[in-house]
Structures are given as C-alpha cells and as structure tokens.
Amino acid sequence: MIGRLAGVVQNLEPGSLIIDVGGVGYLVSTSLRAFEELKDGSKATLWIHTRAREDGIVLFGFLDRSELSAFERLLGVVGVGPRIALAVLSYLTPGQLGEAVETGDYPRLQRAPGIGRKTAERIVLELKGRLEQVAIGPATQGDARPDAVSALVNLGYSERDAIRAVRKVATTAGADDLATLLRLALQSLTG
C-alpha cells in the first residue's frame, strides 16, 4: 500500500495529477485545493489513500495529513464514496468540515457538489465527535493547540473536552504560547 509520494507534479488538472517519483508517473486523484496550490513542474509531497478495485488501484492524494484523515473519515459514512468525499474536501477545508459537522450546519455541507440534505444529515450524524481533532486544524510551526490538547488528555480530561476547551480559548488575545493556552483551557474546564 502506498502512503506517501514525493516527486515532481506533471499534467496538473482539476481533480487529478501525475506525480513523477524516480521516473515512475503515478496518476493521483486530488481535491481542488491541490489544483489551486500546486503547479506543473513543482516538487510536492502528497499523502495517499490507496483504494483497490476490480479494474485496478486508484490513488487519492492530499496536501496534508488532516485532509487525508478527513477523507478517510468521510469514506466511513454510509453512502459516501471517494468522489463525494473529494467533492466535500474541494469545497471545505478539514477544519471547516469539522466545524460544520460539530455545529450541525447542514446547509454548509449541502453546498458541496453531490451532497443533498440526507447525505449532509448522515455525515453530521456519523461523524459528530469524530472530527474534532481535524476541526482544530493542522499544526503549524509555533502552534501550541495540539500540545495543549495532549497535555489536557494526559491530565485526565477526555479528548473531546480538551479539544473544545482549547478551541474556545485559542481565540483569546495572548493565548499563543503553550503555558497561557493550557492555563486558560484549564480555567474553562474547571469553570
């Protein structure tokens, strides 16, 4: 199974690209985010979801692990296949998807191509509470949120409560370092 590919982007089109890895070109289906952020001839690293079918192996590539994680969670929803999951992630970032699921924002989900009311309801029902780490967003250099969540979990709080507390206080002015973020999140949890 292929988990990651690093190489040169070729034949970039909306929804797919070829990534040349050591002289071998892999055809990879992608979200529109990849089309917007990558350029033909540029070097890229894609996180890969491999799907074996009767007629061959299909690769789905993502720019970061949070997008791959959201894609795989969407595939676990009854009635959501790879094409619909890609359509959702072409319209919503993983963080926006997590927020829409946690708040039950059906109309926001329905704006993605191929998502009707019933599918949006099913996504919210089946993924509520399972996308919270994705909703925090990918960690960036100097981002203390994932470390704060981990520290709270180590202190005995549930991951769900820790994520909610960190998300709640992360927008507070001055909550950009781990110590401050952790202190404010603890205050929020202890009421």
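This is a predicted model: local features need pLDDT of at least 70, side-chain atom pairs count only at pLDDT 80 or more; totals for chains, interfaces and linings use all residues.
1. A salt bridge is here a side-chain nitrogen of Lys or Arg within 4 Å of a carboxyl oxygen of Asp or Glu. R33 lies in helix α1, whereas D64 belongs to the loop between β5 and α2, so the pair ties together parts that are 31 residues apart in sequence. Both residues of the pair are buried.

2. E99 counts as partly exposed, at 38% relative accessibility. Elsewhere, salt bridges that share partners join R33, E37, D64 and E67 into one network. The count of salt bridges comes to 6.

3. Turning to the overall architecture, the chain contains 10 helices and 5 strands. The C-alpha trace spans about 55 × 40 × 25 Å along its principal axes. Of the 191 residues in the chain, 41% are buried. Among contacts between residues at least 6 apart in sequence, 50% join residues at least 24 apart.

4. How are the strands arranged? They form a closed barrel of 5 strands in the order β1-β2-β3-β5-β4, and the pairing is mixed. From one strand to the next, the twist averages 55°. Strand β3 (residues 24-30) and strand β5 (residues 56-62) run parallel and are joined by 3 bridges. Within this region, S29 stands opposite F60 in β5.

5. Helix α2, residues 65-75, lies across β4 (43-53) and β5, and its direction is at about 15° to β4. Helix α3, residues 82-91, lies across β3, β4 and β5, running at about 15° to β5.

6. L17 deserves a separate point. This residue lies in strand β2 (residues 16-21), and at 0% relative accessibility L17 counts as buried. Which residues does L17 touch, not counting those up to four places away in sequence? The contacts are V9, Q10, N11, L12, Y26, L27, V28, T30, L38 and L46. With V28, the C-alpha to C-alpha distance is 5.5 Å, although L17 and V28 are 11 residues apart in sequence.

7. Most residues other than glycine have a negative phi, and most peptide bonds are trans. N11 has a positive phi of about 50° although it is not a glycine. N11 is found in strand β1 (residues 4-13). Is N11 buried, partly exposed or exposed? With a relative accessible area of 48%, N11 is partly exposed. N11 is also among the residues that L17 touches.

8. The last point concerns a helix pair. Two packed helices are described by the angle between their axes and the distance between the axes. Helix α9 (residues 159-169) and helix α10 (residues 178-190) pack at an angle of about 115°, with their axes 9 Å apart. Their crossing is right-handed. On the α9 side, the contact involves D161, A165, V166, K168 and V169; on the α10 side, it involves L181, L184, A185, S188 and L189. By type, the residues of this contact divide into 7 nonpolar, 1 polar and 2 charged.

Key:
Residues are numbered from 1 along each chain as its sequence is written. Side-chain values use heavy atoms; hydrogens and water are left out. Two strands pair if DSSP finds at least two bridges between them. Helices (H or I, at least four residues) and strands (E, at least two) are DSSP runs, numbered from the N terminus. Axes are lines fitted to C-alpha atoms, for helices over the stretch in contact, and angles run from 0 to 180 degrees between N-to-C directions. Contact means heavy atoms within 4.5 Å. Buried means under 20% relative accessible area, exposed over 50%, partly exposed in between (1.4 Å probe, protein chains only). A crossing is left-handed if the near helix is turned anticlockwise from the far one by less than a right angle, and right-handed if clockwise. Ala, Val, Leu, Ile, Met, Phe, Trp, Tyr, Cys and Pro count as nonpolar, Asp, Glu, Lys and Arg as charged, and the others, Gly among them, as polar.
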